[in-house]
Amino acid sequence: MTPDWRRVGALADFADGEVGGARVALDDGRELKLAIARRGDAVYAFFDQCPHRGAPFSELGLLDDEGNLLCGWHYWAFRLSDGAHTVLPNLVVPCYPARVQGDAVLVDITGARRPAVAGIEDPKEEDA
Ligand code: FES
């Protein structure tokens, strides 16, 4: 699939060491909700819903000292590198390629990794 890089904001819009949010208008009129984590000049994009009980990472997400995305409700931890749960790696938060270009944060919305656990829907099909 051809990458579809979208600008989700300026790097300065996302505080270093924190998790923010971004919304991307899809071509079919729906909206993709993303959580954007920033560590220095590196950015990471995730579907904005915890696979445990659905908490929005953009509001409750935290970064720990080990480079994981934490959900602020029950503190499940997911690797920034690939969205995998740190203890149960088959449980995955869909994540998207993200990069900084100039002062812009770009996300390839075609790059979502499909969740590996039954019962969690594809965010582009069900939860966008
Ligand atoms: S809702 Fe995220 S850990 Fe429970």
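Analyst: Happy to, starting with contacts. Two residues are in contact if their C-beta atoms, placed from the backbone, lie within 7 Å. Here, 45% of the contacts in the protein with a separation of 6 or more come from residues 24 or more positions apart. This is a predicted model, where local features need pLDDT of at least 70, side-chain atom pairs count only at pLDDT 80 or more, and totals for chains, interfaces and linings use all residues. Residues are numbered from 1 along each chain as its sequence is written.

User: In what order do β5, β6 and β7 form their open sheet?

Analyst: Strands of a sheet pair through backbone hydrogen bonds, either parallel or antiparallel. In this protein the order is β5-β6-β7, with antiparallel pairing; strands are DSSP runs (E, at least two residues) numbered from the N terminus, and two of them pair if DSSP finds at least two bridges between them. β5 (61-63) and β7 (77-79) each have a single partner strand, so one side of each lacks a neighbour in the sheet. Strand β6 (residues 68-71) is joined to β7 by 3 bridges, and Leu-69 stands opposite Phe-78 in β7.

User: Is Pro-97 buried, exposed or partly exposed?

Analyst: Burial counts other C-beta atoms within 10 Å: 20 or more is buried, 12 or fewer exposed, and in between partly exposed, with C-beta atoms placed from the backbone. Pro-97 has 16, so it is partly exposed. Pro-97 sits in the loop between β8 (95-96) and β9 (98-101). Beyond its neighbours within four places in sequence, Pro-97 contacts Asp-108 and Gly-111. Of the protein's 128 residues, 31% count as buried.

How values were computed
Helices (H or I, at least four residues) and strands (E, at least two) are DSSP runs, numbered from the N terminus.
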